[in-house]
Amino acid sequence: GMLEHPILFITDNQRPEILEKLLADPDIGPNIRLIPEEASWVGGDITLAVMADVFIGNPASTFSGFIAKSRVAMGYQVNYMFRKKNDDGEWVEVCDK
């Protein structure tokens with residue numbers, strides 16, 4: 001599965017506790033990779049996210065929304081933006097494409 005691959009964490013650093021919790025997770029934490037602050041710029045970050053094999057975005061973020069829409073326009077099918085658990089405990093999309 002995808003947990004066998006590096007996870008690139010792109011952030012605006014407004015909620016550092018999210019990264020801290022992910023880094024502390026025994027399954028996810030070892031795979032997280034951060035873009036060094038001196039190498040991070042909005043155009044590069046967007047390009048990395050748009051071209052990723054999988055994108056998991058924050059539905060409250062306009063940045064994530066732009067990335068998800070760009071990925072759909074380019075034909076990428078693995079986008080996770082608007083998800084919730086159903087009554088059976090399974091993750092499902094809550095918005096149509």
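**Reading a predicted model, feature by feature**

Q: What is the mean pLDDT of the protein, and how many of its residues reach 70 or more?
A: The mean pLDDT of this protein is 83, and 94% of its residues reach 70 or more, where pLDDT is the predictor's confidence in each residue, from 0 to 100. The model is predicted, so local features need pLDDT of at least 70 and side-chain atom pairs count only at pLDDT 80 or more, whereas totals for chains, interfaces and linings use all residues. Residues are numbered from 1 along each chain as its sequence is written, and side-chain values use heavy atoms, with hydrogens and water left out.

Q: Which element of the protein has the lowest mean pLDDT, and which the highest?
A: Helices (H or I, at least four residues) and strands (E, at least two) are DSSP runs, numbered from the N terminus. Among these elements, strand β4, residues 79-80, has the lowest mean pLDDT, at 72, while α1 has the highest, at 92.

Q: Which residues of helix α2 are buried, and what covers them?
A: A residue is called buried under 20% relative accessible area, exposed over 50%, and partly exposed in between (1.4 Å probe, protein chains only). In helix α2, which runs over residues 42-51, the buried ones are G43, G44, D45, I46, A49 and V50. Among the elements that cover them are β3 (55-56) and α3 (62-73). T47 also lies in helix α2, but T47 counts as partly exposed because its relative accessible area is 47%. From C-alpha to C-alpha, T47 and I67 are 8.5 Å apart in space, although 20 residues separate them in sequence.

Q: Which residues form the largest nonpolar core?
A: In soluble globular proteins, nonpolar side chains tend to be buried together. A nonpolar core is a set of buried Ala, Val, Leu, Ile, Met, Phe, Trp, Tyr and Cys residues joined through side-chain atoms within 4.5 Å. Here the largest one has 6 residues, namely I46, A49, V50, F55, I67 and A68. Both α2 and α3 supply at least two residues of this core, and its largest share, 3 residues, comes from α2. I67 touches I46, A49, V50 and F55, leaving aside residues up to four places away in sequence; contact means heavy atoms within 4.5 Å.

Q: What is the volume of the largest pocket, and how many residues line it?
A: Rolling a probe the size of a water molecule over the atoms shows where empty space is left. On a 1 Å grid over the protein atoms alone, a pocket is an open set of points where a 1.4 Å probe fits, with protein on both sides within 12 Å along at least five of seven lines, and lining residues have an atom within 4 Å of a point. The largest pocket has a volume of about 1500 Å³, a volume being the space filled by probe spheres set on the points. Its lining holds 37 residues, and those nearest its centre are L8, F9, I10, T11 and I56. At least two lining residues come from each of β1 (7-9), α1 (16-24), β2 (32-34), α2, β3 and α3.

Q: How do the residues of the lining divide into nonpolar, polar and charged?
A: Ala, Val, Leu, Ile, Met, Phe, Trp, Tyr, Cys and Pro count as nonpolar, Asp, Glu, Lys and Arg as charged, and the others, Gly among them, as polar. By that scheme the lining of the largest pocket has 23 nonpolar, 9 polar and 5 charged residues.

Q: Where does N13 lie, and is N13 buried or exposed?
A: N13 is in the loop between β1 and α1, and because its relative accessibility is 53%, N13 counts as exposed. Although N13 is not a glycine, it has a positive phi of about 65 degrees.
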